[in-house]
Amino acid sequence: MGRERLLDRAARVRLLLMDCDGVLTDGRIYLLPDGEEMKAFHVRDGHGLVMWHSVGGISAIVSGRSSKVVERRGHELGISFVRQGVDDKLAELTRILAQTRLSAEQAAFIGDDLADIPLMKRVGLAIAVADASEEVRRIAHYVTRLAGGHGAVREVTELLLKAQGKWAEALNHYLEEK
């Protein structure tokens, strides 16, 4: 996709949805003896989401797995919708769009694996992380330079904010003289 068409799609996005494992994390899951699990999240991905929210963006995690860790991270970052244990991601997209009163064209989704394809085909901006499966990268409008769990979400939030002319606004908090 040409840069101009990509920026046009990114300029319309108001809702950023993403898978968790393989997007917000590197896809590895550490199972602990007590039945709990551990995942590692990149701090810059989290900060990118905070910046996205600071200018009115809405975000959602739509994951096939369920984890207390994901619930906690979503709450820490102010993610509006943390939907886990989702068998039908497309149906979940429909529910979230109804709740936000947004169209599919105003939504972007970041995915990494086959279960993400139906949702990616429906949104206005489909994004694959650099290390996504070949099939996912093939249908994406944009493939990140960075891998899942290594700053790919931050890369996407910067793309969206810059395409919407909101990057300077998001940076003001850090650049203002106190």
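Mentor: One term before we start: contact means heavy atoms within 4.5 Å. Keep in mind too that this is a predicted model.

Trainee: Okay. Which residues does arginine 14 touch, not counting residues up to four places away in sequence?
Mentor: Trp52, Gly57, Ile58, Leu102, Gln106 and Gln164.

Trainee: And where is arginine 14 found?
Mentor: In the loop between α1 and β1, where β1 covers 15–18.

Trainee: How does arginine 14 count by accessibility?
Mentor: Arginine 14 counts as partly exposed, because its relative accessibility is 33%.

Trainee: How far apart are the C-alpha atoms of arginine 14 and serine 103?
Mentor: They are separated by 9.4 Å. Along the chain, the two are 89 residues apart.

Trainee: Let's do helices. How do you describe two packed helices?
Mentor: You give the angle between their axes and the distance between the axes.

Trainee: Then how do α1 and α7 pack?
Mentor: At an angle of about 90 degrees, with their axes 8 Å apart. Helix α7 runs over residues 152–163.

Trainee: What do we call that arrangement of α1 and α7?
Mentor: Roughly perpendicular. Angles of 65 to 115 degrees count that way, so α1 and α7 qualify.

Trainee: Which residues meet there?
Mentor: From α1, you have Arg3, Leu6, Leu7, Ala10 and Ala11. From α7, they meet Leu159, Leu160 and Ala163. By class, that contact has seven nonpolar residues, one charged and no polar.

Trainee: How far is arginine 5 from threonine 157?
Mentor: They are 17 Å apart in space, C-alpha to C-alpha. In sequence, they are 152 residues apart.

Trainee: Next pair. How do α2 and α8 cross?
Mentor: At roughly 110 degrees, and their axes come within 9 Å. Helix α2 is residues 43–54, and helix α8 is residues 167–175. That angle makes α2 roughly perpendicular to α8.

Trainee: Which residues in α2 and α8 meet?
Mentor: His47, Met51 and Ser54 in α2 meet Trp167, Ala170, Leu171 and Tyr174 in α8. The contact of α2 with α8 splits into five nonpolar, two polar and no charged residues.

Trainee: Let's stay on alanine 170. Is it buried or exposed?
Mentor: Alanine 170 is buried, because its relative accessible area is 4%. Buried means under 20%. Beyond its neighbours within four places in sequence, alanine 170 is in contact with Met51, Ser54, Val55 and Leu161.

Trainee: And histidine 53, buried or exposed?
Mentor: Histidine 53 is buried, with a relative accessible area of 18%. Its place is in helix α2. Apart from neighbours within four places in sequence, histidine 53 is in contact with Ser59, Leu77, Gly78 and Ile79.

Trainee: Change of topic. What's the phi of arginine 101?
Mentor: Positive, at about 60 degrees, although arginine 101 is not a glycine. Most residues other than glycine have a negative phi.

Trainee: Where is the place of arginine 101?
Mentor: In the loop between α4 (89–100) and β6 (107–111). Arginine 101 is exposed, with a relative accessible area of 78%.

Trainee: Last one. Where is glutamate 135 found?
Mentor: In helix α6, residues 134–139. Glutamate 135 is partly exposed, with a relative accessible area of 35%. Leaving aside neighbours within four places in sequence, glutamate 135 is in contact with Leu114 and Ile117.

Trainee: How far is glutamate 135 from phenylalanine 41?
Mentor: They are 25 Å apart in space, C-alpha to C-alpha, and 94 residues apart in sequence.

Note on methods
Residues numbered from 1 in each chain as written. Predicted model: local features only at pLDDT ≥ 70, side-chain atom pairs only at ≥ 80, totals over all residues. Heavy atoms only, no water. Axes fitted to C-alpha atoms, helices over the stretch in contact; angles between N-to-C directions. Helix = DSSP H or I, 4+ residues; strand = E, 2+ residues; numbered from the N terminus. Parallel < 35°, antiparallel > 145°, perpendicular 65-115°, else oblique. Nonpolar A, V, L, I, M, F, W, Y, C, P; charged D, E, K, R; others polar. Buried < 20%, exposed > 50% of the residue type's maximum accessible area, 1.4 Å probe, protein only.
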